Amino acid sequence: MAYVMFQYDRPTESHRWNDYNQRVRGWIAELLQIPGAVSFMAYRTTDGASPNTITMLEFRTVEDARKAQGSEQMQRILDGLRSVGVAAKILLVERPPFTPEPFQA
């Protein structure tokens, strides 16, 4: 599995915060429409440490993730984030072969 990871701080100015909140669900839906996308997960830091938001868009292959990272759809979402004052750092990461599967209870 491979992931396109976004790391960023959510907006703090109230007008940008409201705009971000109104648009974020649409961005997630758009991300999941990118060819090869499997799942999306988002995390927030509990102590406010920066970056305070980390998202992971999962793909089956590194090649799918690379294509997505350079895609027009991804650029549109990054432009939308910038429009509300978010400067996202983008990382392409993969699950190493020695990572165990999640524990099943």
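Trainee: Where is Asn52?

Mentor: Asn52 sits in the loop between strand 2 (37-44) and strand 3 (53-59). Helices (H or I, at least four residues) and strands (E, at least two) are DSSP runs, numbered from the N terminus. This is a predicted model, where local features need pLDDT of at least 70 and side-chain atom pairs count only at pLDDT 80 or more, while totals for chains, interfaces and linings use all residues. Residues are numbered from 1 along each chain as its sequence is written, and side-chain values use heavy atoms, with hydrogens and water left out.

Trainee: Is Asn52 buried or exposed?

Mentor: Asn52 counts as buried because its relative accessibility is 15%. Buried means under 20% relative accessible area, exposed over 50%, and partly exposed in between (1.4 Å probe, protein chains only).

Trainee: What does the side chain of Asn52 reach?

Mentor: The backbone nitrogen of Arg10, at 3.0 Å. Beyond neighbours within four places in sequence, Asn52 is in contact (heavy atoms within 4.5 Å) with Tyr8, Asp9, Arg10, Tyr43, Arg44 and Thr45.

Trainee: And which peptide bond is cis?

Mentor: The one from Ser50 to Pro51, with omega near 0°. Pro51 is in the loop between strand 2 and strand 3.

Trainee: Tyr8 came up. Where does Tyr8 lie?

Mentor: In strand 1. Tyr8 is buried because its relative accessible area is 5%. Leaving aside neighbours within four places in sequence, its contacts include Pro51, Asn52 and Tyr20.

Trainee: Changing topic: how many residues are in helix 1?

Mentor: Helix 1 (residues 14-32) has 19 residues and reaches 28 Å from its first C-alpha to its last, close to the 27 Å expected at 1.5 Å a residue. The expected span is 1.5 Å times one less than the number of residues.

Trainee: Where is the kink in helix 1 centred?

Mentor: On Arg23, with a kink of about 40°. The bend at a residue is the angle between axes fitted to the seven residues ending there and the seven starting there.

Trainee: Which residues of helix 1 are buried?

Mentor: Tyr20, Val24, Trp27 and Leu31. Their cover includes strand 1 (2-8), strand 2, strand 3 and helix 3 (72-83).

Trainee: At what angle do helix 1 and helix 3 pack?

Mentor: At about 170°, with their axes 10 Å apart. Helix 1 and helix 3 are therefore roughly antiparallel to each other. Among the residues making the contact are Tyr20, Arg23, Trp27 and Leu31 of helix 1 and Arg76, Ile77 and Leu81 of helix 3. Axes are lines fitted to C-alpha atoms, for helices over the stretch in contact, and angles run from 0 to 180 degrees between N-to-C directions. Angles under 35 degrees count as roughly parallel, over 145 as roughly antiparallel, 65 to 115 as roughly perpendicular and the rest as oblique.

Trainee: Is Arg76 buried or partly exposed?

Mentor: At 44% relative accessibility, Arg76 counts as partly exposed. The C-alpha atoms of Arg76 and Glu30 are 9.3 Å apart, although 46 residues separate the two along the chain.

Trainee: Last one: where does Thr99 lie?

Mentor: In the segment after strand 4 (89-94). Thr99 counts as partly exposed, at 29% relative accessibility.

Definitions and conventions:
Polar contact = N/O pair within 3.5 Å; in protein donor to acceptor, adjacent residues only side chain to side chain.
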